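Here is a walk through one protein model. Keep the sequence and the 3D view side by side as you read.

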Amino acid sequence: MTTTTDAPAKSNLWTPERRGPTLGIILLVTLLAFENMGVSTAMPRMVADLDGNDLYAWPFLAFLAASVVATVLSGRLSDLRGPRPSLLVGPALFLVGLLVAGLAQDMSLLLLGRVLQGFGGGAQVVAVYVLIGLVYPERDRPAVFGMLASAWVVPSLVGPAVSGWLTEALSWRWVFLGLAPFVLLGVLLLVPVLRNLPPHTPDSNTRRGLPLAALGAGFGVAALSWAAQHPRGLNLVIGLVGLAVLAPALRVLLPKGTLTARRGLPVTILARALLAGSFFAAEAFIPLTLTAVHGYSAIAAGIPLTLSALGWSSAAWWQSRRPDIPREKLVRWGFVLNAAGISGVTLIAPSWGPAWATPVLWAIAGAGMGMAMSSLSVLTLGASSEVDRGFNSSALQISDMLGSALLVGLGGVLVTTFASAAAPTAAVVPFDLLMVGVAVLGAVLAGRLGRATLES
């Protein structure tokens, strides 16, 4: 028997027939990332100029709710007609939303623009997943998702700074208007690919109640997010109503057995919620802890998030070069690194904690995300047939958004109830420990991913 050691296989993402979709996908995702990173920086000036300080949270909530609805509807449309309609309509809506928001003269138009951006962004993200399943063979998919992760790096590094410069030197309106020509370019790169897609086999499975469930999920996520940000009086009632609407909607929008961690596709979808939720919830309170407890400047408090983005991208690139490593193993490693990073930043919450170690600790957690997020996407596509890629990709995105929204909201409630923004330690320590538990649970459940992901 002869033993050979193969070098990591080179991906085929840049062959002539795939260069177009690769460039188009990267550009669209990069633009979504720039918009996401830039809006948060420019939002205070936007709402001040438009006399909307009382509605500060609504541009975020409008985008989130519209994204949830569009994610579901785009998934269903992709199963019925393929990804072509969503990849034409989604960027068009996103482009119109950029123009409406950039030219807005009052808060109502800004909110309308954010709704259109949410619809467009949610529609095209799901369709991109479906397109990846059609265009790239299974062995190349880790490389594709690695590149999608890398597409967030530059926006994470320079997006807030560019947005701040545009807002101060020119106008916050250019945060939106400056992206518009590039969205059009991304669509033009994809048009030849979409024209040459093979005929689509429609999904014959009748999924009843999807549009109503999509609206329920959008309302539920927005209501819970609003209640978490303003946990008092009537807002808590709104949050409870949102939860009551969201629960039955999820039974329609997620694969059967997701909430009970059934082996295969359901536990894959659940793992995405646990991974994204634990990471982003812990990350949300790192800048607050560094500034309020340790006296860091806002710029210094953002350094761990930058290091995390670099760790994420590096690990995503590394896993893309190792297609022979079982994806379920990479998911478990990712959860373990995430748990280790969160455990470490728990120690910085007290005033005596080693705040200087935060960038390294959060880079470790980011590496875990880069390793596991891409792998869960690969596993989801591997568990999907041509006729249900849209539904499963939609479920993955819904799980991601919902896990993040619920756990970040829980952290906000704990800080408001048991501590304060000026002195958050009493709430951040138990909350971070809870997030460690969520990540450990994900590592345990990773053993249920296995090779059984072809079940649904």
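A residue counts as buried when its relative accessible area is under 20%, and as exposed when that value is over 50%. Anything in between is partly exposed. Keep these cut-offs in mind. The model is a predicted one.

Start with helix H5, residues 141–150. Which residues of H5 are buried? They are Arg 141, Pro 142, Ala 143, Val 144, Phe 145, Gly 146, Leu 148 and Ala 149. That makes 8 of the 10 residues of H5, so the helix is largely enclosed by the rest of the structure.

Now step back to the whole chain. The protein is divided into domain 1, residues 17–194, and domain 2, residues 259–455. Their C-alpha centres lie 22 Å apart. The two domains touch: 26 residues of domain 1 and 29 residues of domain 2 take part in the contact.

How much area is buried between the domains? The size of an interface is often given as the accessible area lost when the parts come together. Between domain 1 and domain 2 the figure is about 2300 Å². Carbon and sulfur atoms give 68% of that area. On the domain 1 side, Asp 79, Tyr 129 and Pro 142 lose the most area to domain 2. Together these three residues account for 26% of what that side buries. Pro 142 is also one of the buried residues of H5.

What polar links join the domains? The count of salt bridges between domain 1 and domain 2 is 0. Polar contacts do occur, with 6 residue pairs between the two domains, both partners at pLDDT 80 or more. On the domain 1 side, four helices each supply at least two residues: H2 (58–81), H4 (107–135), H5 (141–150) and H6 (153–169). Helix H2 gives the most, with 8 residues. By class, this side of domain 1 has 15 nonpolar, 8 polar and 3 charged residues.

Next, look for salt bridges in the model. The count comes to 1. Arg 272 pairs with Asp 400, and their closest N and O atoms are 2.9 Å apart. Arg 272 lies in helix H11 (residues 265–284) and Asp 400 in helix H17 (residues 389–418), so the pair ties together parts that are 128 residues apart in sequence. Are the two partners buried or exposed? Arg 272 has 4% relative accessibility, so it counts as buried. Asp 400 is buried too, because its relative accessible area is 12%.

Move on to helix H12, residues 286–292, where Thr 289 sits. At 3% relative accessibility, Thr 289 is buried. What does its side chain reach? The side chain of Thr 289 comes to 2.8 Å from the backbone oxygen of Phe 285. Leaving aside neighbours within four places in sequence, Thr 289 is in contact with His 294, Ile 348, Ala 349 and Val 428.

Pro 354 lies between helix H15 (327–346) and helix H16 (358–382). Beyond residues up to four places away in sequence, Pro 354 touches Leu 347 and Ile 348. His 294 is 60 residues from Pro 354 along the chain, yet their C-alpha atoms are separated by 9.6 Å. With 27% relative accessibility, Pro 354 counts as partly exposed.

Now turn to helices H9 and H10. Leu 212 belongs to helix H9, residues 210–229. With a relative accessible area of 66%, Leu 212 is exposed. Gly 242 is found in helix H10. Its relative accessible area is 0%, so Gly 242 is buried.

End at the loop between H10 (234–253) and H11, where Ala 261 lies. What stands out in its backbone? Most residues other than glycine have a negative phi. The phi of Ala 261 is near 60 degrees, a positive value in a residue other than glycine. Ala 261 is buried, at 9% relative accessible area.

Notes:
Residues numbered from 1 in each chain as written. Predicted model: local features only at pLDDT ≥ 70, side-chain atom pairs only at ≥ 80, totals over all residues. Heavy atoms only, no water. Domains from an automatic or database assignment. Contact = heavy atoms within 4.5 Å. Buried area = accessible area lost by both parts, 1.4 Å probe. Salt bridge = Lys/Arg side-chain N within 4 Å of Asp/Glu carboxyl O. Polar contact = N/O pair within 3.5 Å; in protein donor to acceptor, adjacent residues only side chain to side chain. Nonpolar A, V, L, I, M, F, W, Y, C, P; charged D, E, K, R; others polar. Buried < 20%, exposed > 50% of the residue type's maximum accessible area, 1.4 Å probe, protein only.
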